[in-house]
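Here is my note on the model you passed along. It is in numbered points, for reading beside the coordinates.

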Amino acid sequence: MNHILLSPCDGTVISLDRVPDEAFASGMLGDGFAVEPENGDICAPAAGKIVSISESRHAYAIAADFGDLLVHIGIDTIGVPEAFLPIAMVGDYVAAGQPIARADLDMIKKAGLSPVIPVLITDLRISGTIKKNYGKARGGNVC
């Protein structure tokens, strides 16, 4: 069974092997895709419950109906928590395409970090079941 995920933002959908971080690029953390963002409006790639938000506000774990997801805003962005504004909170149920965060991409880039956003299915039982459409995408639309 294929599962549908939405792009978390406007940008270019790329394969995980293009993410500048070995843990994501190797697929060690799960199957998925990444987005080179055009803006910092981040939405939920699928409906589900926000089960955790990293202390630095750059990573969101979502329990979707079909498995667990991770939306990771930027690479090595743990040191710039001021670049992130959560919109959804832990315990919130979000619809697919609903805003969950805002990221200041300029601040991330000025810190010398990559703003690329990996979206992963972290539930290894269903890993490998998403169809990926690479290229330009609009936030909240199928990618």
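The points below cover the basis of the model, its salt bridges and its sheet.

1. Basis. This is a predicted model; local features need pLDDT of at least 70, side-chain atom pairs count only at pLDDT 80 or more, and totals for chains, interfaces and linings use all residues. Residues are numbered from 1 along each chain as its sequence is written, and side-chain values use heavy atoms, with hydrogens and water left out.

2. Salt bridges. How many salt bridges does the structure hold? There are four. The criterion is a side-chain nitrogen of Lys or Arg within 4 Å of a carboxyl oxygen of Asp or Glu. Side chains of opposite charge can pair when their charged atoms come close. Three of these contacts are taken up in the next points, starting with R138 and D10.

3. R138 and D10. Their side chains form a salt bridge at 3.1 Å, N to O. R138 sits in the segment after β11 (135-137), and D10 in the segment before β1 (11-14), so the contact ties together parts 128 residues apart in sequence. Helices (H or I, at least four residues) and strands (E, at least two) are DSSP runs, numbered from the N terminus. R138 is exposed, at 53% relative accessible area. D10 is buried, at 14%. Cut-offs: buried is under 20% relative accessible area, exposed over 50%, partly exposed in between (1.4 Å probe, protein chains only).

4. E36 and R18. This salt bridge spans 3.7 Å, N to O. E36 belongs to strand β2 (residues 31-37), while R18 is in the loop between β1 and α1 (22-25), so the pair links parts 18 residues apart in sequence. E36 is partly exposed, with a relative accessible area of 35%. R18 is exposed, at 53%.

5. E38 and K136. Here the N to O distance is 2.2 Å. E38 lies in the loop between β2 and β3 (41-43) and K136 in strand β11, so parts 98 residues apart in sequence are tied together. K136 is exposed, at 65% relative accessibility.

6. Sheet. Eight strands form an open sheet, in the order β8-β4-β5-β6-β10-β2-β1-β11, with antiparallel pairing. Two strands pair if DSSP finds at least two bridges between them. Which strands stand at the edges? They are β8 (93-94) and β11; each has a single partner strand, so one side of each is left without a neighbour in the sheet.

7. Strand β4 (residues 48-53) pairs with β8 in the antiparallel sense, over two bridges. G48 stands opposite V94 in β8.
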